[in-house]
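Here are my notes on the model below. Please read them with the coordinates open.

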Protein chains: 4
Amino acid sequence: MIDRDQLVRRYLNVAGFRRGAMRVLPRPVFDFTDGAAEDEFTLRRNEAAFHEPALLPRPLQGVGERDLSVELFGRTLSMPVMIGPTGLSGMLWPDGELAAHRAATAAGTAFCLSHASTVPIEALPKAGNRWMQVFVYKDRGFTRSFVDRAAAAGYDALVLTVDNQTLGQRERDVRNGFSIPPKLMLKVMGAMAIRPNWLWRMRERRDFTFANYTGIEGGADRNTLAGRMNALLDPSMSWADVAMLRRQWAGPLILKGILHPGDIEIALDHGVDGVIVSNHGGRQLDRAAAGLDALPAVAEAARGRLKVLLDGGIRRGVDVLIAKAMGADACLIARPQLWGLAVGGEAGVAAVLEILRRDLDRALCLCGVTRFVDADASLLAPGVVSPIKPKAIAA
Amino acid sequence: MIDRDQLVRRYLNVAGFRRGAMRVLPRPVFDFTDGAAEDEFTLRRNEAAFHEPALLPRPLQGVGERDLSVELFGRTLSMPVMIGPTGLSGMLWPDGELAAHRAATAAGTAFCLSHASTVPIEALPKAGNRWMQVFVYKDRGFTRSFVDRAAAAGYDALVLTVDNQTLGQRERDVRNGFSIPPKLMLKVMGAMAIRPNWLWRMRERRDFTFANYTGIEGGADRNTLAGRMNALLDPSMSWADVAMLRRQWAGPLILKGILHPGDIEIALDHGVDGVIVSNHGGRQLDRAAAGLDALPAVAEAARGRLKVLLDGGIRRGVDVLIAKAMGADACLIARPQLWGLAVGGEAGVAAVLEILRRDLDRALCLCGVTRFVDADASLLAPGVVSPIKPKAIAA
Amino acid sequence: MIDRDQLVRRYLNVAGFRRGAMRVLPRPVFDFTDGAAEDEFTLRRNEAAFHEPALLPRPLQGVGERDLSVELFGRTLSMPVMIGPTGLSGMLWPDGELAAHRAATAAGTAFCLSHASTVPIEALPKAGNRWMQVFVYKDRGFTRSFVDRAAAAGYDALVLTVDNQTLGQRERDVRNGFSIPPKLMLKVMGAMAIRPNWLWRMRERRDFTFANYTGIEGGADRNTLAGRMNALLDPSMSWADVAMLRRQWAGPLILKGILHPGDIEIALDHGVDGVIVSNHGGRQLDRAAAGLDALPAVAEAARGRLKVLLDGGIRRGVDVLIAKAMGADACLIARPQLWGLAVGGEAGVAAVLEILRRDLDRALCLCGVTRFVDADASLLAPGVVSPIKPKAIAA
Amino acid sequence: MIDRDQLVRRYLNVAGFRRGAMRVLPRPVFDFTDGAAEDEFTLRRNEAAFHEPALLPRPLQGVGERDLSVELFGRTLSMPVMIGPTGLSGMLWPDGELAAHRAATAAGTAFCLSHASTVPIEALPKAGNRWMQVFVYKDRGFTRSFVDRAAAAGYDALVLTVDNQTLGQRERDVRNGFSIPPKLMLKVMGAMAIRPNWLWRMRERRDFTFANYTGIEGGADRNTLAGRMNALLDPSMSWADVAMLRRQWAGPLILKGILHPGDIEIALDHGVDGVIVSNHGGRQLDRAAAGLDALPAVAEAARGRLKVLLDGGIRRGVDVLIAKAMGADACLIARPQLWGLAVGGEAGVAAVLEILRRDLDRALCLCGVTRFVDADASLLAPGVVSPIKPKAIAA
């Protein structure tokens, strides 16, 4: 019933989908998608960093039909924007992860399932390009079991999130009393009651919780997100764990949450295939550098020896082009796909991807670039590139 | 009835004319003149870039009667501000292009007719200094026919706009349902109904559309501006097309939409006589550099071998002096003349030109400069000039 | 009846006096004191420039009773803040110039009479340290007569304002219909009627006009300030006029309105004794550099061979210390004394001077400096000093 | 009755405690804690300086249980945040200094008693790590007697505040008629009457005044804070006084109020053990550099030869980590503990300390740092560190 192209016309851009999500979701659920750690400085930095670089387009290049495809880890993506891992997508739309996966697959791009999904690892159909995200849990056997399940289910790549040694303090969630599953406090019930469409859609869901954790959810504090996560997370995770995963997992291994260029050489030593430059959308360490600001030094350190991806702050198609010019091979989106999901399920995610594809295509055309992979720093006006240089940083 | 000098006194500055235009135009029409692409960052950059440089005037120079004239392509202009090409000016005032041309001619400066004018190429009287703007259309024969018509009509210079490989996403227009000709949606009719003066003035206009395109306006999507334009535009346009136009057109050939200094040497190789440093008023690629920020590197690359003009963000006479100090030979205005046109037709455009002339004259006097052509970078406080340097840019 | 110290306690700082003046003056008169040219960028720059430098105080220096005195042109001033020339002070308070002169003399500092005063040159009592400001008029004989009158009246120094080749466009005045003398338009009368205290105080004033110009006030446009001034001003004024004045005037000769460091060497060649780094309070060339930003390069060019004074943007005592650290020998205030005058006549000006004296004294004490003349750039945190360097500027 | 952990949950962060204090305190008392000198630029700089540096965390370091302890002057503190000296804490809560001392001791950190405390030096129980702050008074014997009393009472360290040669102009206090003890003006009584909880809590307090000054409080102006303090303070205090205190006091001697790196070598020559980089919370010299901006040059000058502490602007746990990365050994808090005290007495101070401890612990964990003392500049993205370098400063 809901049609992708109608949604594209109605919401027009990612900001439109954000406003739409604010209208359809109960406030605590919207805040869970929108909020970040502490003062949310890093969240704002992520978005603002994209507003600094200035493009110097090259017209008259005889642009052909644009080719947005990128090759990543032996697979071709139709566009350099994939769907990053986001927990609890099922709170926004029934079986949200399945809907987002269908949209990504239809768009010809990759989908990364969160370890904190509301559907089990095995529930995602064997279609398209599927990545699985894992954590290093206190119980390493649990981590290993996730990897085994991902291998058995035929996932294409493994993403190890490394910036969650402990959960960031997300103050909107704390103030909203956000918990997993929702505590039916009066405040929460009130927020839900004024969103009847969401309530009706969710009427069959008995629980909004992690699908992959059965059997390990103990602890006194288990009802809050921080309590639940901190019972699982392990600050002692280290490069030795990367080495362990590398031995266990034969496919592409990607580290998510790298900002420091000094970590690139170590990652290469551990046989890592790619990194995602990320500060977890500002949800972990407030005051961390914006991903885009950290990107040039990381890319310079990598010198093409591993893939450099970026997430955080992508809101326009042209942002993807800017990231490419500053050193990223491709980008992941998180909040934008959640807002699409909240508004229209699979069609919403498809519309967000289509908006980014269309806008990136237009930006390439206007810059005089036919193939996305050919875009480079010559498009950027000097003097606005982030001053973070790898040589100036103690590794 | 409307008198130029009364309008000068009443509106006082370009911002005054903008407010005036907002009052007299239906909102979708005003937004068509005022808006830009996507988040309108580049539009705001254009204006803000002029607020950075600081002038260090030189009094006690014995300033005489100021001479604002500049020589461009063998013709003398009375002032270094000319009227740039703007589409559909006839929506603002009946036969708007003819009115603006009369004002420019009376002021002794040049007028550039847009290919997307509401009057035919041949309708402009043979008076003053007339430039004709063309595009590279999918049908190259169509482009060549425009050039032939411009030659036959005796235009003085040819301006090839190069930054419109595809139409930018102008979100105000999309949200307003702006179309060519206007679809009489309820929303649009409502906006028109509350502007009775405009309606009365326009009562004889049956259509607001392109006068030079008869016979080629097909396509399913023809009612939207993007649909209409994208059916015509050709991303494959290239320097080969410049070469073709150079062979066909004997007079001055100017490229509009250059920002990258690397394009100057190529332009010289193609026999181009001048460039207009421009981002299309921020209406094409949002995130493009401000024209003023891109100007110094372009001027440095040109080293006087071709004329360097600037458009985008000129709102005060002193802006023209700043542009000169940063390397421009002269400037074009677009939105200011549209606001003048909307408020008072020919007299409004004349008033805007007079305001800019008067204010530039005063700025020169206060800076201790008698002849505009003598103003140079020594008037600028160092450290505030744009850091974009040609040597730092891969050509 | 009005007591200086009561006013100090009541208004506390210069911003307090500004608010006070806004309450007591008819709006067109307040705007005449408060406004500046065009968009008032340079006015805001003047104030904002003082907010950039950061002080690194040196405690434990054994500060004694502070000595704020400075020696200027053979005379000692009790404090490095003097009253700069402001036209038409008599509009704010009856015989405003006499009141301000009394306050300055009582405070032990200098007073500079404007050529555009509402009292004649000869009316100022022979007391204190009196400077006379002159212009180069179209009629050089008129200028010479002013100098002769100043010499006959025993003035201590001559200030030649050089940045008024023509009058800046002060848009508040234009919109207010501000004229000399006031045209009794309904709008102006209304603004006056709601300020009964001011009206009562001014009941004996029949005219608010220039006292030194009788016999030369012709011209069609004589009722507007711009018309009046532009009939007198002469853009052709040049260094030759400085040479003429130098021959005619034996005492200290000061140029007001220098911003470009390249003018210092020329001034020295012409026997000039001092310069006032100034942009006329932003009332002439909008977009001119802030005086404080231009100061370091001017001071560096002067190398102590002539006195370097500063006006524009002084609102706090600590501003005077910052100006000293960046190269100024002393400062002049204009708007602050006008606001003091409007609020309390002589007592108001005295209160403004006392506030600046007290606050500068405290700032010196907290910085560990006993004698104002010893404050230097070592108090400033590097990296925040204006980047304007004389070597980088074509002279 | 009030429980620390309840307060932590309720107020969540320091900003929450500030809002709480605004609600419970009469406005003049809140303003006394919250306000600063003149325009409060330096206060805002203090907070804003922490928002500039960007962190580049190092995950995968195998973080163990965090160790936040630091060694200062032979004692171990459980966390690198101690309570700085604040005058008149007893206005916020009965025996406020005793409450804050109990909270600090329970948290395992140090407490510095202000010379301007509302409890006598001897009233603080012999527990924990107690520092005593002194001033150099006009009557040096009085200063010496304070030192003797501190020694007799067994304090662990002596803090000499050096940036109070005279009292800064705190304009909120002046406008509020804030006096010591409070004058019962109608305005003040009104402000108190609408804060009944505070009034009830304070019902037994007959006076809110300095406990250590009996016998010396003369002077006509004694009722205002400035009058009281300026009767005591001595601008002539100098390094000779430091030498005198060094001879008299055998324990650790710390100078509070150092910003200029040139003072470090002199301090070392005088046998000083540590400095507190501070601008007195912006309450003395408005326009002084932010402490954090001044810190790197001071730390570089110190080269580990004396301890470098920082106060001013700490509002988040991560701020302490940023200060460490920029060269501070530990930090002091002032306003945050006052807001805690106002809201909940000892439990409020304990909650503020716990919030900072918890948030610093999390920031370390997320940065991949196990021991606070190991955090260094490699965590900071280059280019955002303050440009103040000791070599560029005349010492």
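1. How many helices and strands make up the secondary structure of chain A? Chain A has 15 helices and 10 strands (DSSP runs numbered from the N terminus: helices are H or I, at least four residues; strands are E, at least two). Its radius of gyration is 20 Å, close to the 21 Å of the globule rule for 395 residues, so chain A is as compact as a globular protein of that length (C-alpha atoms; the rule is 2.2 Å times the number of residues to the power 0.38).

2. The model is predicted: local features need pLDDT of at least 70, side-chain atom pairs count only at pLDDT 80 or more, and totals for chains, interfaces and linings use all residues. Residues are numbered from 1 along each chain as its sequence is written, chains are lettered from A and ligands numbered from 1 in the order in which they are written, and side-chain values use heavy atoms, with hydrogens and water left out.

3. Of the 395 residues of chain A, 64% are buried (under 20% relative accessible area; exposed is over 50%, partly exposed in between; 1.4 Å probe, protein chains only).

4. Check Phe73(B): phi is positive, about 55 degrees, and the residue is not a glycine. Phe73(B) sits in the loop between strand 1 (70-72) and strand 2 (75-77) of chain B. Phe73(B) is partly exposed, at 22%.

5. Leu12(C) also has a positive phi, about 70 degrees. Its loop joins helix 1 (4-11) and helix 2 (14-24) of chain C. Leu12(C) is buried, at 4% relative accessibility.
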